[in-house]
Amino acid sequence: RELVWIFGCAIFLALMAEAFMGYLLPWGQMSYWGAQVIVNLFSAIPFIGPDLALLIRGDYVVGDATLNRFFSFHVIAVPLVLIGLIVAHLLALHDVGSNNPDGIEIKKGPKGNRWSPDAPADGIPFHPYYSVHDIMGVGVFLMVFFAVVFFAPEMGGYFLEYNNFVPADPLVTPLHIAPVWYFTPFYSMLRATNGVMVNVLCAIIALGVVLAFLKCRCSMALKVGLAVAGVVAIALLKTFDAKFWGVVVMGGAVIILFFLPWLDRSPARSIRYRPDWHKWLYAVFVVWFLILMVLGIMVPGPIFATPSLAWLTNELVAMIGTLFYFGFFLLMPWWSQQGEPKPVPDRVTFKPH
């Protein structure tokens with residue numbers, strides 16, 4: 001079942017690559033300069049960065065070579081990878097069977113229902129349950145999709161930026177370069193990772209080491225190992241440029257999703273049986289993610305024009321949101337076990353009407 005999740009995350013990552021490469025194809029101002037900014041981020045990687053950025057662009061600047069290879073990847077290469085990942089995802093799902101909404105462990109033995117009499121106990125047949133569920137989801141999505149396409153394609157400049165209707169011009173830089181709205185949360189994390197953020201991370205690591213020495217009931221050898229690891233981590237944070245760590249944070253925000261099955265240690269798999277405060281924590285996480293999305297579209301600087309609130313800058317709020325985002329996942333092995341979950345039944349007892 002972990003393999004099903006990993007293939008699903010890989011599909012998500014491939015879709016992000018497909019969207020990024022397709023965004024260059026209109027060859028508008030925002031497409032051109034957005035690709036220029038994102039590709040230049042790879043040059044921040046130590047040792048191989050400049051050569052890697054040159055390889056991706058195919059030139060020293062975004063040009064015809066970049067457009068040709070992005071078109072090839074967008075139309076041929078990435079779709080083929082997506083097809084392979086979807087097949088692997090379905091094969092892995094077929095091997096373990098569809099789960100149930102209660103998160104009850106699937107057991108051996110026949111289910112005995114009229115759709116799939118030989119299926120494992122407590123599993124749910126893909127048809128009609130998941131097929132109807134997915135058809136409804138696709139239907140709702142298509143209604144929203146066509147409403148946007150036919151009635152509000154620009155969505156006030158958030159979905160289709162006005163600058164992207166201007167042909168790409170390497171000699172004219174837009175006043176504010178921002179990615180499309182579905183990339184803006186990760187772009188906010190990139191902008192939030194500056195020298196101040198690096199210092200905050202060093203302080204958090206140092207505090208973690210001190211707490212490990214004071215509170216951890218482990219051997220002295222393990223405590224010394226944690227201290228050495230903390231010193232090495234702080235040295236690495238101070239050695240490399242903040243721009244590089246911004247790239248690491250932006251990429252890590254997606255890669256950390258792959259490890260979710262091992263980070264979540266709750267004895268109850270379904271949110272139905274978890275403590276109620278877990279739901280509030282998830283809600284706060286969603287709110288912070290939406291805040292990061294909005295901040296990524298905004299121009300850097302103070303959020304409000306009021307002089308008394310000049311200290312409340314885009315970067316400061318994004319920094320807090322970034323710390324919460326990673327804290328939510330990295331502390332999940334601890335907080336997911338807190339609280340008393342409701343009793344989880346041994347079998348699925350729900351009877352459809």
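Q: How do you know by what angle α4 bends at Phe-73?
A: The bend at a residue is the angle between two axes, one fitted to the seven residues ending there and one to the seven starting there. For α4 at Phe-73, that angle comes to about 45°. This is a predicted model, where local features need pLDDT of at least 70 and side-chain atom pairs count only at pLDDT 80 or more, while totals for chains, interfaces and linings use all residues. Residues are numbered from 1 along each chain as its sequence is written, and side-chain values use heavy atoms, with hydrogens and water left out.

Q: What makes the span of α4 close to the expected one?
A: The expected span is 1.5 Å times one less than the number of residues in the helix. With 33 residues, α4 has an expected span of 48 Å, and the distance from its first C-alpha to its last is 46 Å.

Q: What does Ser-270 touch, and what makes a contact?
A: A contact needs heavy atoms within 4.5 Å. Setting aside residues up to four places away in sequence, Ser-270 touches Pro-101, Asp-102 and Gly-103.

Q: Why does Leu-25 get its accessibility class?
A: Its relative accessibility is 26%, so Leu-25 counts as partly exposed. Leu-25 sits in the loop between α1 and α2. Beyond neighbours within four places in sequence, its contacts are Leu-67, Phe-70, Phe-71 and His-74. The C-alpha atoms of Leu-25 and Phe-70 are 7.7 Å apart, although 45 residues separate the two along the chain.

Q: Which classes do Trp-27 and Phe-47 fall into, and why?
A: Trp-27 has a relative accessible area of 25%, so it is partly exposed. Phe-47, at 79%, is therefore exposed. Trp-27 lies in the loop between α1 and α2, and Phe-47 in the loop between α2 and α3. Neither is a glycine, yet phi is positive for each: near 55° at Trp-27 and near 70° at Phe-47.

Q: What makes helix α6 mostly covered?
A: Of the 9 residues in α6 (184–192), 9 are buried; among them are Phe-186, Tyr-187 and Arg-191. The buried residues of α6 pack against α1, α2, α7, α9, α11 and α12.

Q: Which helices do the buried residues of α4 pack against?
A: They pack against α1, α2, α3 and α5. The buried residues of α4 include Phe-70, Leu-82 and Leu-93.

Q: What makes a space a pocket, and which residues lie nearest the centre of the largest pocket?
A: On a 1 Å grid over the protein atoms alone, a pocket is an open set of points with protein on both sides within 12 Å along at least five of seven lines, and lining residues have an atom within 4 Å of a point. The largest pocket has 33 lining residues, with Arg-1, Trp-5, Asn-99, Pro-261 and Arg-269 nearest its centre. Among the helices, α1 gives the most to this lining, with 5 residues.

Q: How do you know how much of the protein chain is buried?
A: Applying the accessibility rule to its 353 residues, buried ones make up 35%.

Technical notes
1 Å grid on protein atoms, 1.4 Å probe; cavity = no way out; pocket = protein on both sides within 12 Å on 5 of 7 lines; lining within 4 Å. Helix = DSSP H or I, 4+ residues; strand = E, 2+ residues; numbered from the N terminus. Buried < 20%, exposed > 50% of the residue type's maximum accessible area, 1.4 Å probe, protein only.
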